[in-house]
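Trainee: Could we go through this model together and ask what stands behind each term?
Mentor: Gladly, let us open it.

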Amino acid sequence: MKRAPNLRQIEALKAVIECGTVSRAAEVLHISQPAVSKLLAHLEEDTELELFERIKGRLIPSEHGMRLYKEIDRVFAGIKQIERAVDLIRREELGQISVGVMPALSGLFISHTNKRFLAGHGDAYISVVIRSSQFIVEWLLSKQVDIGLINRNTDNPYIECVPLRGGDLVCIAPRDHRFAARQEIVPSDIHGEPYIGFAADNRIRQKIETTLDTHGTRLNYIMDATLAPAVCEMVANGLGIAIVDPLFAFGQRERLTIRPFLPSIPSDLSLCWLRDTRNRHLVDAYVEATRATVHDMRQAMETA
(Lines give C-alpha, C1' and ligand atoms only; values in the text may rest on other atoms or scores of the structure.)
Protein backbone atom coordinates (compact mmCIF):
# COMPACT_ATOMS: atom_id res chain seq x y z
CA MET A 1 0.00 0.00 0.00
CA LYS A 2 1.50 3.29 -1.09
CA ARG A 3 0.09 5.40 1.74
CA ALA A 4 -2.72 5.27 4.27
CA PRO A 5 -6.14 6.46 3.06
CA ASN A 6 -7.11 9.88 4.32
CA LEU A 7 -10.43 10.80 5.93
CA ARG A 8 -11.77 12.60 2.88
CA GLN A 9 -11.23 9.54 0.68
CA ILE A 10 -13.02 7.35 3.24
CA GLU A 11 -15.94 9.80 3.43
CA ALA A 12 -16.19 9.71 -0.38
CA LEU A 13 -16.35 5.90 -0.45
CA LYS A 14 -18.99 5.85 2.30
CA ALA A 15 -21.08 8.53 0.61
CA VAL A 16 -21.06 6.88 -2.83
CA ILE A 17 -22.08 3.48 -1.47
CA GLU A 18 -24.82 4.92 0.77
CA CYS A 19 -26.16 7.39 -1.82
CA GLY A 20 -25.89 5.09 -4.81
CA THR A 21 -24.42 7.60 -7.25
CA VAL A 22 -21.47 9.95 -7.46
CA SER A 23 -23.76 12.93 -8.07
CA ARG A 24 -25.74 12.36 -4.86
CA ALA A 25 -22.55 11.72 -2.92
CA ALA A 26 -21.16 15.02 -4.20
CA GLU A 27 -24.25 16.82 -2.89
CA VAL A 28 -23.89 15.22 0.54
CA LEU A 29 -20.17 16.05 0.72
CA HIS A 30 -20.71 19.57 -0.75
CA ILE A 31 -18.08 19.08 -3.42
CA SER A 32 -18.16 18.56 -7.18
CA GLN A 33 -18.63 15.22 -8.92
CA PRO A 34 -15.11 15.30 -10.43
CA ALA A 35 -13.72 15.87 -6.93
CA VAL A 36 -15.54 12.77 -5.65
CA SER A 37 -14.27 10.69 -8.57
CA LYS A 38 -10.73 11.92 -7.93
CA LEU A 39 -10.94 10.98 -4.24
CA LEU A 40 -12.11 7.47 -5.15
CA ALA A 41 -9.38 7.06 -7.75
CA HIS A 42 -6.72 8.08 -5.24
CA LEU A 43 -8.23 5.71 -2.63
CA GLU A 44 -8.00 2.78 -5.07
CA GLU A 45 -4.47 3.79 -5.94
CA ASP A 46 -3.37 4.12 -2.32
CA THR A 47 -5.01 0.84 -1.19
CA GLU A 48 -4.08 -1.00 -4.40
CA LEU A 49 -7.61 -2.42 -4.40
CA GLU A 50 -10.34 -2.28 -7.04
CA LEU A 51 -13.17 -0.85 -4.95
CA PHE A 52 -15.67 -0.23 -7.75
CA GLU A 53 -16.66 -1.78 -11.05
CA ARG A 54 -17.40 0.68 -13.86
CA ILE A 55 -20.60 -0.50 -15.57
CA LYS A 56 -22.27 1.74 -18.16
CA GLY A 57 -20.89 4.87 -16.59
CA ARG A 58 -21.93 3.90 -13.06
CA LEU A 59 -19.80 2.90 -10.10
CA ILE A 60 -20.86 -0.44 -8.59
CA PRO A 61 -19.12 -1.45 -5.34
CA SER A 62 -16.91 -4.49 -5.74
CA GLU A 63 -16.51 -7.21 -3.14
CA HIS A 64 -13.40 -5.42 -1.85
CA GLY A 65 -15.29 -2.15 -1.80
CA MET A 66 -18.14 -3.57 0.30
CA ARG A 67 -15.75 -5.25 2.73
CA LEU A 68 -13.93 -1.97 3.23
CA TYR A 69 -17.23 -0.09 3.57
CA LYS A 70 -18.42 -2.43 6.34
CA GLU A 71 -15.25 -1.73 8.31
CA ILE A 72 -15.60 2.01 7.72
CA ASP A 73 -19.25 1.92 8.79
CA ARG A 74 -18.27 0.13 12.02
CA VAL A 75 -15.69 2.82 12.78
CA PHE A 76 -18.15 5.64 12.11
CA ALA A 77 -20.70 3.94 14.39
CA GLY A 78 -18.06 3.95 17.13
CA ILE A 79 -17.46 7.64 16.57
CA LYS A 80 -21.19 8.27 16.93
CA GLN A 81 -21.15 6.42 20.26
CA ILE A 82 -18.35 8.66 21.44
CA GLU A 83 -20.32 11.72 20.40
CA ARG A 84 -23.33 10.46 22.36
CA ALA A 85 -21.14 9.77 25.40
CA VAL A 86 -19.73 13.31 25.28
CA ASP A 87 -23.24 14.68 24.94
CA LEU A 88 -24.42 12.60 27.91
CA ILE A 89 -21.56 13.80 30.12
CA ARG A 90 -22.25 17.41 29.16
CA ARG A 91 -25.98 17.05 29.88
CA GLU A 92 -25.38 15.33 33.21
CA GLU A 93 -23.47 18.41 34.34
CA LEU A 94 -26.61 20.42 33.64
CA GLY A 95 -28.87 17.76 35.17
CA GLN A 96 -30.24 14.97 32.99
CA ILE A 97 -32.82 12.33 33.78
CA SER A 98 -33.60 9.36 31.56
CA VAL A 99 -37.10 7.87 31.69
CA GLY A 100 -38.06 4.47 30.32
CA VAL A 101 -41.76 4.31 29.53
CA MET A 102 -43.98 1.58 28.13
CA PRO A 103 -45.70 2.52 24.83
CA ALA A 104 -49.19 2.86 26.39
CA LEU A 105 -48.02 5.79 28.56
CA SER A 106 -45.68 7.39 26.03
CA GLY A 107 -48.13 10.01 24.78
CA LEU A 108 -50.31 12.33 26.83
CA PHE A 109 -49.31 10.89 30.20
CA ILE A 110 -45.57 11.31 29.80
CA SER A 111 -46.06 14.72 28.18
CA HIS A 112 -48.07 15.99 31.19
CA THR A 113 -45.54 14.54 33.61
CA ASN A 114 -42.59 16.11 31.81
CA LYS A 115 -44.32 19.49 31.70
CA ARG A 116 -44.98 19.36 35.44
CA PHE A 117 -41.40 18.28 36.19
CA LEU A 118 -39.83 20.99 34.02
CA ALA A 119 -41.98 23.64 35.68
CA GLY A 120 -39.82 23.18 38.77
CA HIS A 121 -36.60 22.09 37.08
CA GLY A 122 -36.33 24.16 33.94
CA ASP A 123 -32.60 23.57 33.55
CA ALA A 124 -32.92 19.78 33.53
CA TYR A 125 -32.81 17.63 30.42
CA ILE A 126 -35.24 14.70 30.00
CA SER A 127 -34.50 11.73 27.77
CA VAL A 128 -37.56 9.54 27.11
CA VAL A 129 -36.96 5.95 25.99
CA ILE A 130 -40.02 3.98 24.84
CA ARG A 131 -39.65 0.24 25.39
CA SER A 132 -41.56 -2.77 26.71
CA SER A 133 -41.60 -3.33 30.48
CA GLN A 134 -39.10 -6.17 30.29
CA PHE A 135 -36.49 -4.05 28.55
CA ILE A 136 -37.07 -1.10 30.88
CA VAL A 137 -36.27 -3.24 33.93
CA GLU A 138 -33.09 -4.46 32.25
CA TRP A 139 -32.13 -0.89 31.36
CA LEU A 140 -32.72 0.23 34.95
CA LEU A 141 -30.30 -2.41 36.20
CA SER A 142 -27.69 -1.42 33.62
CA LYS A 143 -28.25 2.28 34.50
CA GLN A 144 -29.32 3.21 30.99
CA VAL A 145 -32.48 4.79 32.44
CA ASP A 146 -33.10 6.39 35.83
CA ILE A 147 -36.86 5.78 36.12
CA GLY A 148 -39.19 3.21 34.60
CA LEU A 149 -42.94 3.28 34.01
CA ILE A 150 -43.88 -0.35 33.54
CA ASN A 151 -46.84 -2.74 33.52
CA ARG A 152 -45.53 -5.20 36.06
CA ASN A 153 -44.02 -5.50 39.52
CA THR A 154 -40.46 -6.55 40.20
CA ASP A 155 -38.96 -7.95 43.36
CA ASN A 156 -35.38 -7.18 42.36
CA PRO A 157 -33.55 -6.02 45.52
CA TYR A 158 -31.77 -3.24 43.60
CA ILE A 159 -35.00 -1.67 42.33
CA GLU A 160 -37.58 0.35 44.21
CA CYS A 161 -40.99 -0.34 42.68
CA VAL A 162 -44.28 1.28 43.73
CA PRO A 163 -47.80 1.16 42.20
CA LEU A 164 -48.81 4.14 40.09
CA ARG A 165 -52.27 3.97 41.70
CA GLY A 166 -54.13 5.08 38.62
CA GLY A 167 -57.12 3.02 39.71
CA ASP A 168 -58.55 -0.42 38.95
CA LEU A 169 -59.23 -1.45 35.37
CA VAL A 170 -62.27 0.12 33.73
CA CYS A 171 -64.66 -0.83 30.96
CA ILE A 172 -64.58 1.48 27.95
CA ALA A 173 -67.22 1.71 25.24
CA PRO A 174 -68.11 4.17 22.46
CA ARG A 175 -69.50 7.48 23.66
CA ASP A 176 -73.09 6.68 22.58
CA HIS A 177 -73.06 3.08 23.84
CA ARG A 178 -75.82 1.81 26.15
CA PHE A 179 -73.20 1.49 28.90
CA ALA A 180 -73.33 5.28 29.21
CA ALA A 181 -76.51 4.87 31.27
CA ARG A 182 -74.83 2.51 33.73
CA GLN A 183 -72.88 3.49 36.83
CA GLU A 184 -70.73 0.38 36.71
CA ILE A 185 -70.24 -2.65 34.49
CA VAL A 186 -70.33 -6.29 35.62
CA PRO A 187 -69.45 -9.51 33.72
CA SER A 188 -73.04 -10.24 32.69
CA ASP A 189 -73.24 -6.81 30.98
CA ILE A 190 -70.49 -7.63 28.50
CA HIS A 191 -71.77 -11.07 27.50
CA GLY A 192 -71.95 -11.16 23.69
CA GLU A 193 -70.62 -7.62 23.27
CA PRO A 194 -68.03 -7.24 20.47
CA TYR A 195 -64.78 -7.12 22.43
CA ILE A 196 -61.38 -5.67 21.49
CA GLY A 197 -58.56 -7.20 23.48
CA PHE A 198 -54.82 -7.08 23.85
CA ALA A 199 -52.59 -9.75 22.33
CA ALA A 200 -52.91 -13.25 23.77
CA ASP A 201 -49.63 -13.04 25.72
CA ASN A 202 -50.49 -9.69 27.33
CA ARG A 203 -50.57 -9.67 31.15
CA ILE A 204 -53.68 -7.48 31.32
CA ARG A 205 -55.60 -9.77 28.96
CA GLN A 206 -54.66 -12.79 31.07
CA LYS A 207 -55.81 -11.09 34.29
CA ILE A 208 -59.13 -10.11 32.72
CA GLU A 209 -59.79 -13.59 31.37
CA THR A 210 -58.95 -15.20 34.71
CA THR A 211 -61.41 -12.90 36.50
CA LEU A 212 -64.19 -13.46 33.96
CA ASP A 213 -63.69 -17.23 33.99
CA THR A 214 -64.64 -17.30 37.67
CA HIS A 215 -67.95 -15.64 36.72
CA GLY A 216 -68.65 -17.92 33.76
CA THR A 217 -68.26 -15.12 31.23
CA ARG A 218 -66.38 -15.54 27.95
CA LEU A 219 -65.43 -12.55 25.89
CA ASN A 220 -66.67 -12.18 22.32
CA TYR A 221 -63.35 -11.23 20.75
CA ILE A 222 -63.59 -9.59 17.35
CA MET A 223 -59.99 -8.34 17.18
CA ASP A 224 -56.91 -7.66 19.26
CA ALA A 225 -54.04 -5.18 19.25
CA THR A 226 -50.65 -5.03 20.92
CA LEU A 227 -50.82 -1.38 22.01
CA ALA A 228 -53.36 0.29 24.30
CA PRO A 229 -53.74 3.46 22.15
CA ALA A 230 -54.87 1.26 19.25
CA VAL A 231 -57.42 -0.56 21.43
CA CYS A 232 -58.83 2.73 22.76
CA GLU A 233 -59.02 4.25 19.29
CA MET A 234 -60.94 1.28 17.90
CA VAL A 235 -63.37 1.39 20.81
CA ALA A 236 -63.86 5.14 20.36
CA ASN A 237 -64.54 4.49 16.69
CA GLY A 238 -67.46 2.21 17.59
CA LEU A 239 -65.93 -1.18 16.84
CA GLY A 240 -66.50 -2.72 20.26
CA ILE A 241 -65.78 -2.48 23.98
CA ALA A 242 -62.68 -3.22 26.06
CA ILE A 243 -61.36 -3.42 29.61
CA VAL A 244 -58.22 -1.34 30.14
CA ASP A 245 -56.22 0.57 32.68
CA PRO A 246 -57.87 3.98 33.23
CA LEU A 247 -54.64 5.82 32.46
CA PHE A 248 -54.62 4.22 29.00
CA ALA A 249 -58.07 5.64 28.29
CA PHE A 250 -57.44 9.16 29.55
CA GLY A 251 -56.34 10.61 26.21
CA GLN A 252 -59.55 9.43 24.52
CA ARG A 253 -61.94 10.20 27.38
CA GLU A 254 -63.96 12.75 25.38
CA ARG A 255 -64.81 10.02 22.85
CA LEU A 256 -65.36 7.16 25.27
CA THR A 257 -67.80 5.95 27.88
CA ILE A 258 -65.61 4.98 30.85
CA ARG A 259 -67.18 3.01 33.69
CA PRO A 260 -65.82 1.09 36.72
CA PHE A 261 -65.71 -2.65 36.20
CA LEU A 262 -66.68 -5.07 38.98
CA PRO A 263 -65.28 -7.26 40.35
CA SER A 264 -62.30 -4.96 40.56
CA ILE A 265 -59.14 -5.90 38.68
CA PRO A 266 -56.09 -4.09 40.10
CA SER A 267 -53.77 -2.22 37.78
CA ASP A 268 -50.20 -3.47 37.42
CA LEU A 269 -48.77 -0.10 36.42
CA SER A 270 -45.71 0.67 38.50
CA LEU A 271 -43.06 3.34 38.90
CA CYS A 272 -39.52 2.03 39.41
CA TRP A 273 -36.04 3.38 40.03
CA LEU A 274 -32.71 2.10 41.31
CA ARG A 275 -32.24 2.31 45.07
CA ASP A 276 -28.76 3.78 44.59
CA THR A 277 -29.76 5.95 41.64
CA ARG A 278 -27.67 8.88 40.49
CA ASN A 279 -29.21 12.36 40.42
CA ARG A 280 -31.35 11.41 43.40
CA HIS A 281 -32.90 14.86 43.74
CA LEU A 282 -34.06 14.80 40.11
CA VAL A 283 -35.40 11.26 40.42
CA ASP A 284 -37.38 12.19 43.55
CA ALA A 285 -38.77 15.25 41.81
CA TYR A 286 -39.78 13.21 38.76
CA VAL A 287 -41.48 10.62 40.95
CA GLU A 288 -43.53 13.38 42.58
CA ALA A 289 -44.42 14.86 39.19
CA THR A 290 -45.58 11.42 38.02
CA ARG A 291 -47.74 10.88 41.08
CA ALA A 292 -49.28 14.33 40.73
CA THR A 293 -50.11 13.63 37.07
CA VAL A 294 -51.81 10.36 38.05
CA HIS A 295 -53.81 12.18 40.72
CA ASP A 296 -54.97 14.88 38.31
CA MET A 297 -55.98 12.35 35.66
CA ARG A 298 -57.96 10.28 38.14
CA GLN A 299 -59.83 13.36 39.31
CA ALA A 300 -60.55 14.45 35.75
CA MET A 301 -62.07 11.06 34.88
CA GLU A 302 -64.06 10.80 38.14
CA THR A 303 -65.67 14.23 37.60
CA ALA A 304 -66.29 13.75 33.86
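What follows is a short talk about strands, helices and the terms used for them.

Mentor: First the ground rules: this is a predicted model, where local features need pLDDT of at least 70, side-chain atom pairs count only at pLDDT 80 or more, and totals for chains, interfaces and linings use all residues. Residues are numbered from 1 along each chain as its sequence is written, and side-chain values use heavy atoms, with hydrogens and water left out.

Trainee: Why is strand E3 called largely enclosed?

Mentor: Buried means under 20% relative accessible area, with exposed over 50% and partly exposed in between (1.4 Å probe, protein chains only). Six of the six residues of E3 (residues 96-101) are buried, so the strand is largely enclosed by the rest of the structure. Gln 96, Ser 98 and Gly 100 point one way, while Ile 97, Val 99 and Val 101 point the other way.

Trainee: What makes E3 and strand E4 a pair?

Mentor: Two strands pair if DSSP finds at least two bridges between them; strands themselves are DSSP runs of E with at least two residues, and helices are runs of H or I with at least four, numbered from the N terminus. E3 and E4 (residues 125-130) have six bridges, in the parallel sense, so they meet the definition. Val 101 has Ile 130 of E4 as its bridge partner.

Trainee: Which strand is joined to E3 by three bridges?

Mentor: That is strand E5 (residues 147-150), running parallel to E3. Here Val 99 is bridged to Ile 147.

Trainee: Why are helices H2 and H3 called roughly perpendicular?

Mentor: Axes are lines fitted to C-alpha atoms, for helices over the stretch in contact, and angles run from 0 to 180 degrees between N-to-C directions. Angles under 35 degrees count as roughly parallel, over 145 as roughly antiparallel, 65 to 115 as roughly perpendicular and the rest as oblique. H2 (residues 22-29) and H3 (residues 33-47) pack at about 100 degrees, with axes 8 Å apart; they are therefore roughly perpendicular.

Trainee: Which residues make that contact?

Mentor: Contact means heavy atoms within 4.5 Å. H2 brings Val 22, Ser 23, Ala 26 and Leu 29, and H3 brings Gln 33, Val 36 and Ser 37.
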